[in-house]
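Subject: Structure for you to look at

Hi,

Here is the structure I promised. Please open it and follow along with the notes below.

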Amino acid sequence: MLFSLKTKLSLSYVLIILFCVAIVSISSNIMLERQFKNYVIKQQEQKANDIVSLINQRSNKTGNWDIDYIEELALNALENGMIISVLDADDNLIWDAAIHNDGLCQDMLLSMSQNMKSRFSETEGGYEEKIFNMTDKSKKIGSIIVGYYGPFYYTDSDLNFINTINKMLIWAGATSLLLALFIGAIMSKQISKPIARVIDKAHMISEGSYGERIYEKSNTKEIGMLIETINHLGETLKKQEALGKQLTSDISHELRTPLTTIQGNLEAVLDGVWELDKNRIEVLHEEILRINRLVANLGKLTKFESENLKLNRTEFDISKLIQDTIKIFENEFIKENKKIELIGNSEILYADMDKISQVIVNIISNSLKFTNHGAEVLITVVSDRKSLMISFKDSGIGISEEDLPNIFERFYRAEKSRNRLMGGAGIGLSIVKSIVIAHNGTVSVNSIINKGSEFIITLPKTDKKY
Ligand code: ADP
């Protein structure tokens with residue numbers, strides 16, 4: 001069976017309150033009963049002793065009893081539930097409450113028995129008597145018989161006192177219950193409202209609509225985190241969807257140009273407008289090579305330019321890595337009569353070697369592509385306390401001012417290089433940028449057209465492993 005948070009919270013509050021009220025009521029009743037019973041018994045004994053000692057003080061050895069005084073005391077005792085009889089030394093009756101007013105005595109005993117039965121349905125109490133001897137210098141001068149409802153009894157005011165306390169407990173319980181329901185409703189609303197918003201949002205996300213952020217605030221830590229997480233999830237999915245769309249449109253745009261060229265050329269040949277000579281085939285071949293390069297680069301794009309680039313950091317010597325990369329390109333540089341040189345000492349970097357290697361390859365291959373015969377490429381590695389800087393400076397064709405801000409964009413190629421045979425797909429530098437940013441570094445470029453370009457990469461040393 002499924003319960004809503006509201007029902008569960010309210011129910012648990014009510015159950016806790018019921019439980020507490022029951023425990024307090026039962027325990028206080030037991031305690032009260034015990035204490036009160038002892039108190040009442042003591043009080044009765046005290047009263048009986050008081051009467052006995054008062055009569056004893058006024059008693060007369062010569063047999064002159066102060067009947068008025070005894071009567072006053074005995075009537076007073078009768079009001080307190082005691083039936084007094086006073087006897088002289090020879091057990092002759094001096095004064096007896098029952099003889100004085102038997103009706104009143106019987107009424108009083110009946111009312112006591114009713115009081116006790118109203119409180120204890122199975123009371124075994126009944127009329128009891130206690131005899132107290134009055135003595136004067138160890139000589140018995142008489143006795144007093146105290147009759148009462150035993151073993152103890154509650155007067156009307158005693159019963160009132162107990163009932164008032166129980167009523168108070170019932171009121172306190174009922175008020176606490178109402179309060180529990182009220183607080184339960186408020187609390188559950190506070191908790192369930194933001195959760196309901198999160199559920200709505202998750203539902204929307206599952207249907208592909210990322211919508212607005214949830215601005216609901218909650219002072220419950222876990223709910224705050226839940227809201228933050230679902231907002232983040234929505235934003236990430238939205239970003240990824242946008243990236244996916246952008247990528248698809250970029251790719252289709254990139255493919256369209258060579259495919260249109262191939263299609264146009266082939267149609268012209270089919271229509272007999274052009275001859276299918278070597279020249280024509282070379283054009284077609286070049287476009288096919290371009291498509292091939294694009295497809296090959298797409299693989300790299302997914303590997304190195306994904307949004308959440310995962311880094312597999314190790315410690316390695318960056319200068320050695322550059323030197324090794326130079327070796328790969330050495331032949332081509334020599335072939336084109338170009339020079340490439342590294343200046344810098346051994347520098348240990350804690351980074352993803354595979355990805356940093358890709359950065360170096362991309363920039364060096366650009367400096368090979370976009371330089372003329374006899375050009376020079378100088379790579380410098382310097383470091384300070386906080387960061388490491390790698391500069392790639394070439395005396396190549398340079399980049400125009402309009403192109404400069406865009407060269408790190410995916411699929412962007414400067415106009416000049418567009419027609420070059422070696423021109424790539426325009427993703428090399430966008431891969432460089434995303435790898436450097438993933439390492440918390442920066443990449444910048446200075447370039448003067450027809451003079452050369454300098455790409456500067458800085459990587460923080462704080463990422464070093466200690
Ligand atoms: P690709 O090299 O595949 O064309 P990149 O993203 O590596 O793509 O570079 C983007 C553009 O930036 C290049 O097409 C080129 O116009 C320009 N560029 C990059 N490096 C250099 C360089 N060293 N000298 C001149 N232009 C460059």
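First, a term you will need: a cavity is a set of grid points where a 1.4 Å probe fits but cannot get out, and its lining residues have an atom within 4 Å of a point. Keep in mind that this is a predicted model.

**Cavities**

Look at the second largest cavity, which holds about 50 Å³ of space. Which residues line the second largest cavity? They are Ile356, Val359, Ile360, Ile390, Phe392, Val436, Ile457 and Leu459. By class, that lining has eight nonpolar residues, with no polar and no charged ones.

Three elements each supply at least two lining residues: helix H9 (353–369), strand S9 (387–394) and strand S11 (452–460). H9 gives the most, with three residues.

**A hairpin**

Now go to strand S1 (residues 83–88) and strand S2 (residues 93–96). They pair in the antiparallel sense over three bridges. Leu87 has Leu93 in S2 as its bridge partner. Four residues lie between the strands of this hairpin, and Asp91 takes a positive phi near 60°.

**Two helices**

Two packed helices are described by the angle between their axes and the distance between the axes. Helix H4 (residues 102–119) packs with helix H5 (residues 156–206) at an angle of about 20°. Their axes are 10 Å apart. Angles under 35 degrees count as roughly parallel, so H4 is roughly parallel to H5. The crossing of H4 past H5 is left-handed.

Best wishes

Note on methods. Residues numbered from 1 in each chain as written. Predicted model: local features only at pLDDT ≥ 70, side-chain atom pairs only at ≥ 80, totals over all residues. Heavy atoms only, no water. 1 Å grid on protein atoms, 1.4 Å probe; cavity = no way out; pocket = protein on both sides within 12 Å on 5 of 7 lines; lining within 4 Å. Points joined across faces, edges and corners; volume = space filled by probe spheres on them. Nonpolar A, V, L, I, M, F, W, Y, C, P; charged D, E, K, R; others polar. Pairing = 2+ DSSP bridges. Axes fitted to C-alpha atoms, helices over the stretch in contact; angles between N-to-C directions. Parallel < 35°, antiparallel > 145°, perpendicular 65-115°, else oblique. Left-handed = near helix turned anticlockwise from the far one by under 90°.
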